[in-house]
Amino acid sequence: MDVNQLAMNFMNNSRQASKRIRDAVHGLIVFDHSKEIEKLAWKLVGTREFQRLRRIRQLGVSELTFPSAVHTRFVHSIGVFHIARKLIEVIQRELASDFQGERAEVALIAALLHDLGHGPFSHVFEAVQQSRGVVKRHEQWTAELIRNPDGEIKPLLEEHRPGFTADVAELLEAENPVDIYHAVVSSSFDADRLEYLQRDRFMTGSGAGAIDFDWLMDNLRVAEVSLEAPDEDDGEDEDLKVPTFCLAMKALPAAEQFLLARNTLHEQVYFHKTTRCAQKMVGKLLRRIAKLATGAEAARETGLPLNHPLLQFYQKGGETLAAYLDLDDSVVLGALSLMAHARDALVQDLAQRIQSRRLYKTMDVGEFGSDPGRQAQKVRDIEQYFVQAIQNESVIKDDEAALNIYSVIGGDEERIHKRLHILDARKPKEISELSPIIKALNDKKMPIRFFFEKQEDRDQARTIRRERHAKP
Amino acid sequence: MQNREQLVADIIALAPEQKLVSRVRLQKIAYLLEQMGCDLGFEYSYHHYGPFSHDLDRAILDAKAFGLVKEVVANRKSDGASYSIFELTGGNGASESSTISSFKNQIQRFAKSNITVLELAATANWLAEYEKVEDWGKEIVKRKGVKTKNNRLANALDLLRELHLPPAVNTQ
């Protein structure tokens, strides 16, 4: 057999050994087994921790508003891996001989594993925990799951390279970027964002906003921005500058479209008032279960057997990694039929409502007109009238959504490396300085919604006048 | 307690030239004032620039909606990063009875402080007081990385010492 034949055989064997996933958004995603790192990625997909993501929906309860949005964090994570590979090619192209293969491997695997730590209904579960005084975000769960000596992830990572586990976990934990490889998991063009915008748009059926993905990737460059929170200082401290992804000027229209698409998805999908209402109801249910879980009558009150993963987790000292891994969307949704027979009236009512999609009645304060002063006054009037009902949560106020070009739940100022920069005379400039369209969207809006258990309360809220007294 | 939007206006009124630059700065000022015993009543959670109050963010929006404050957006010279400049619309100044009128000197000082130093001071205090992180010094370096270098963390601790706030000062 000659050398060419040997090479051909090797390629054929690799091709046969490689694994393929057919994906509705990205087409064929190949895990090339001639590359050790991709072989590792495929093994990681097969772990118990990663397979759990099949049972956590990417958009949680959005399915109640957009019935086709049933895609999972499993398929999203594989898509993120696929895009991370492309971003690494960009880094290789931009850095040329300065490219560090080992750091790129860390970023690629971190991208694949970035969502491991999500709980059931993701941010809803996190908010419930926060309301119970537990400050542990999904990023921390992710890092713990990766480092877990009893888990299936760490042995695979250490087998690939000793110390690889720590490198991957640290990259995901880092609040601020340390190098361009970090931009693969956290930047204005990180793999997560590039994936979910495409997939969520496709799966919700939203026709609004398109992303010119190939053109954006082709025009991606690397430049330095300052980590310092923006103010009138010049931001020229050299030690605070970090490399991140920026776009060449000719991609400005595509960048505008990208941000507009993102803005539209936030406004129409992520912050949809019905979805927000369903999230609040699931949160209310989980908080009630958590409260009852430690009581002597937990099983009867909640309708759940004592060994149910929810009761196990909410037990005192029950918040272990193992208990967390037992929780996912299907565990909660599957328990609704049991909770629907709970002795506790609130658990029973919420479970039955969620099961049958009999959601609370929603009201967006925007219906009183676009004037911010009038809206703010209306909010005061409703809060004053329903002071008791808001306290007992039969009326829920939702003021957490924040809408502008960098929309984030919670509304904190977006970090500089997560903002979009365009190269203007080879210097990065935040897009809002160059684009009048984007500048117009810079103004922050925080829509306020109320969710009413009773329809008559919503009707009442629509007619409240300032001089009326609080509801008795 | 005063309306929250009025508190926002009062903080701005006490700043030099009744002008305050950056949402992040406004957040850190309110947090530090609260730690110094000024009862503003905002609740905080940890975000990427340190302790952040959603209530305060909402109060800023309400202050704009009720016409107390105006916000102008400017761009940083080096990379075009947009930031907010807050000014009073009426120019009437802080009410004498305001909860915060006795903190004028501190507000003036914070308004001129380096923004990263303020971020680090608020974060160090948060880690020690609220997250109860024993080795807060190690944790803040882990979270804030390069921001803690070039004397910025030392300056933040000097500021806390001056304000008699933990962890620079033991208040137990």
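Predicted model: local features only at pLDDT ≥ 70, side-chain atom pairs only at ≥ 80, totals over all residues.
Residues are numbered from 1 along each chain as its sequence is written, chains are lettered from A and ligands numbered from 1 in the order in which they are written, and side-chain values use heavy atoms, with hydrogens and water left out.

Start with chain A. Chain A has 23 helices and nine strands; helices (H or I, at least four residues) and strands (E, at least two) are DSSP runs, numbered from the N terminus. The radius of gyration of chain A is 24 Å, close to the 23 Å that the globule rule gives for 472 residues, so chain A is as compact as a globular protein of that length. Here the radius of gyration is taken over C-alpha atoms, and the globule rule is 2.2 Å times the number of residues to the power 0.38. Along the principal axes, the C-alpha atoms of chain A fill a box of roughly 90 × 55 × 40 Å.

Of the 472 residues in chain A, 56% are buried. Buried means under 20% relative accessible area, exposed means over 50%, and partly exposed is in between (1.4 Å probe, protein chains only). Residues 24 or more positions apart account for 72% of the contacts in chain A with a separation of 6 or more, where contact means heavy atoms within 4.5 Å.

Next comes the interior. A nonpolar core is a set of buried Ala, Val, Leu, Ile, Met, Phe, Trp, Tyr and Cys residues joined through side-chain atoms within 4.5 Å. The largest such core has 123 residues, and the members that touch the most others are A:Ile109, A:Leu113, A:Tyr314 and A:Met339. Helix H4 (residues 73–95) of chain A gives the most to this core, with eleven residues. A second, separate core has 49 residues, including B:Leu7, B:Val8, B:Leu33 and B:Ile100.

A:Ser122 has a positive phi of about 40° although it is not a glycine. A:Ser122 is placed in the loop between helix H5 (101–113) and helix H6 (123–131) of chain A, and it is buried, with a relative accessible area of 6%.

Now turn to chain B. Chain B contains seven helices and five strands, and along the sequence they follow the pattern α-β-α-β-β-α-β-β-α-α-α-α. The radius of gyration of chain B is 16 Å, close to the 16 Å that the globule rule gives for 172 residues, so chain B is as compact as a globular protein of that length. The C-alpha trace of chain B spans about 45 × 40 × 25 Å along its principal axes. Of its 172 residues, 58% count as buried.

Helix H1 (residues 4–13) of chain B is mostly covered, with eight of its ten residues buried. Among them are B:Leu7 and B:Val8, both of which also belong to the second core. B:Gln18 has a positive phi of about 50° although it is not a glycine, and at 25% relative accessibility it counts as partly exposed.

Further along chain B, B:Asn125 lies in helix H5 (residues 115–129). B:Asn125 is buried, with a relative accessible area of 1%. Apart from residues up to four places away in sequence, B:Asn125 touches B:Tyr31, B:Gln35, B:Tyr130, B:Leu160, B:Leu165, B:Pro166 and B:Pro167. The peptide bond from B:Pro166 to B:Pro167 is cis, with omega near 0°, and B:Pro167 is found in the segment after H7 of chain B.

Helix H7 (residues 152–162) of chain B holds B:Leu157. B:Leu157 is buried, with a relative accessible area of 15%. Setting aside neighbours within four places in sequence, B:Leu157 is in contact with B:Ala124, B:Trp136 and B:Ala168.
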